[in-house]
Amino acid sequence: MKKARHLVMSFLLLFVIVPFVPSAAAAYDGQTLDTGIYWFGSGNISQKFVAGQANNYFTPTKPTVIYIHGWQKDSTLSLHRETFNPKRNDLVNGPDVNTVDYWVSKGWNIGIFYWNQLADEAEVKDAEAKIWTATGPQGMRWRKKDGTYSTSGAPTVSAAQLFVNTYKQAMQGFSGSEVRLAGHSLGSQMVTNSAKLISDQVDAGTVPANLRPKRVAMLDPFWSKDAKSYIGGKWTGELCREYVTHLKTKGVVVEQYKSSGITDLGIGDSNNGMSLLTAFAELKPWYISSLDQAGKHGAARDWYFYSMGFAAPAETKSGAATGLYGPSAATSTTRIQTMMNSSNRWYQNAGQYTASPSDDKFEVTAR
């Protein structure tokens with residue numbers, strides 16, 4: 001019992017929100033519920049999607065990536081929101097780089113779906129439930145700046161369905177070459193569930209086929225242990241595996257990046273079966289203290305968006321270059337698909353002591 005309590009406490013410490021620098025990007029007042037897609041431009045500035053209004057940072061003909069964050073415990077108290085500048089996400093470990101600039105310069109639309117006031121729960125499982133149902137332990141209550149919770153104007157659908165509803169409006173007339181969804185921590189469940197909901201509507205003929213995500217990135221994903229009544233007694237990781245297996249039959253490419261031990265302690269589910277379904281890579285952010293698992297947890301998020309600024313990393317085998325590319329945001333989707341369908345996995349074997357992806361390499365090994 002004592003050991004179990006220690007593991008739970010260790011787990012909770014992993015999720016203490018790291019120090020950050022407040023950002024004007026995607027500002028909200030914390031007095032009313034604000035959810036939605038914010039499109040970003042160079043310099044880490046943003047404009048919220050509003051139906052019927054032009055947006056300076058979205059062009060329907062461009063490839064598009066949308067990021068969805070995870071658990072946001074106590075973030076509303078300081079009006080904090082994640083952005084594409086790692087320093088503003090993690091004052092201690094994050095480099096001061098506007099990674100959005102790399103995507104914009106390569107012709108991408110890039111946005112964030114914010115559900116942070118809904119994800120601001122003291123217990124991670126309460127935020128997790130909202131991804132799948134509107135009638136979980138805490139319903140769809142949302143946090144206010146004064147620390148209280150409100151149900152006024154709360155969604156009547158799950159957070160994933162809320163995203164899908166917004167996505168369909170924001171992407172009307174889209175003709176770009178690719179849609180990519182990327183989720184961090186609990187956000188990985190968000191993008192998995194959302195991709196399945198979108199894909200099912202494509203199959204039903206109610207959503208254009210080009211809105212089915214071509215690529216889904218899970219960035220240091222988190223799933224909790226144990227069966228959940230709101231998904232028919234399944235574990236969230238179990239259901240996500242079923243969804244990923246189905247999405248692959250629809251041509252969706254799925255990549256997964258592990259950067260911390262958050263699923264290996266306390267209430268986390270290691271969900272090892274997921275690594276067999278995805279293009280799986282293990283990052284080694286050794287520039288972050290081994291005691292700072294929260295920092296390592298955020299490293300996958302920041303590294304992924306940063307990696308678009310550099311050529312795809314070299315792949316090695318037994319330390320020698322293979323002539324192929326390893327995994328990153330800049331790696332082509334066709335290459336990631338080949339990796340996903342192989343019997344291999346990858347781990348970072350160069351550049352571990354720097355935040356920049358410029359010196360990274362990845363060793364290929366059997367799963």
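Student: Where is Asp74 found in this structure?
Tutor: Asp74 is found in the loop between strand 3 (64–68) and helix 2 (86–89), where helices (H or I, at least four residues) and strands (E, at least two) are DSSP runs, numbered from the N terminus. The structure is a predicted model, in which local features need pLDDT of at least 70 and side-chain atom pairs count only at pLDDT 80 or more, while totals for chains, interfaces and linings use all residues. Residues are numbered from 1 along each chain as its sequence is written, and side-chain values use heavy atoms, with hydrogens and water left out.

Student: Why is Asp74 called partly exposed?
Tutor: Buried means under 20% relative accessible area and exposed means over 50%, with partly exposed in between (1.4 Å probe, protein chains only). The relative accessible area of Asp74 is 31%, so Asp74 counts as partly exposed.

Student: What is the phi of Asp74?
Tutor: Asp74 has a positive phi of about 65° although it is not a glycine. Most residues other than glycine have a negative phi. Asn44, likewise not a glycine, has a positive phi of about 70°, and it sits in the loop between strand 1 (36–41) and strand 2 (45–48).

Student: How do you know whether Asn44 counts as buried or exposed?
Tutor: The relative accessibility of Asn44 is 5%, and therefore Asn44 counts as buried.

Student: What makes Gly36 buried, and which residues is it in contact with?
Tutor: Gly36, which lies in strand 1, has a relative accessible area of 4% and so counts as buried. Leaving aside neighbours within four places in sequence, Gly36 is in contact, meaning heavy atoms within 4.5 Å, with Lys48, Ile112, Phe113, Tyr114 and Thr166.

Student: Why are helix 5 and helix 7 called roughly parallel?
Tutor: The axes of helix 5 (residues 124–132) and helix 7 cross at roughly 10° and come within 9 Å; such axes are lines fitted to C-alpha atoms, for helices over the stretch in contact, with angles running from 0 to 180 degrees between N-to-C directions. Angles under 35 degrees count as roughly parallel, those over 145 as roughly antiparallel, those from 65 to 115 as roughly perpendicular and the rest as oblique. Helix 5 and helix 7 are therefore roughly parallel to each other.

Student: Which residues of helix 5 and helix 7 meet?
Tutor: Val124, Ala127, Glu128, Ile131 and Trp132 in helix 5 meet Leu186, Gln189, Met190 and Asn193 in helix 7. By class, this contact of helix 5 with helix 7 divides into six nonpolar, two polar and one charged residue, given that Ala, Val, Leu, Ile, Met, Phe, Trp, Tyr, Cys and Pro count as nonpolar, Asp, Glu, Lys and Arg as charged, and the others, Gly among them, as polar.

Student: What makes helix 7 oblique to helix 8?
Tutor: Helix 7 (residues 186–204) and helix 8 (residues 236–249) pack at an angle of about 40°, with their axes 10 Å apart. That angle makes helix 7 oblique to helix 8. The contact of helix 7 with helix 8 has five nonpolar, six polar and two charged residues.

Student: How do you know that Ser199 is buried, and which residues does it touch?
Tutor: Ser199, which lies in helix 7, has a relative accessible area of 0%, and so it is buried. Not counting residues up to four places away in sequence, Ser199 touches Arg212, Leu247 and Lys250. The C-alpha atoms of Ser199 and Lys250 are separated by 7.9 Å, although these two residues are 51 residues apart along the chain.

Student: Why is Val216 called buried?
Tutor: Val216, in strand 8 (residues 215–219), has a relative accessible area of 3% and therefore counts as buried. Its contacts, leaving aside neighbours within four places in sequence, are Leu181, Val191, Ala195, Val252, Val253, Val254 and Glu255.

Student: What makes Trp346 buried, and where is it found?
Tutor: Trp346 is found in strand 13 (residues 344–350), and its relative accessible area is 2%, so it counts as buried. Among the residues that Trp346 touches, not counting those up to four places away in sequence, are Phe280, Pro327, Met339 and Phe362.

Student: How many residues does the largest nonpolar core have?
Tutor: A nonpolar core is a set of buried Ala, Val, Leu, Ile, Met, Phe, Trp, Tyr and Cys residues joined through side-chain atoms within 4.5 Å, and the largest one has 85 residues, with Phe163, Tyr304 and Phe305 having the most contacts inside it. Helix 6 (residues 159–170) gives the most to this core, with seven residues.
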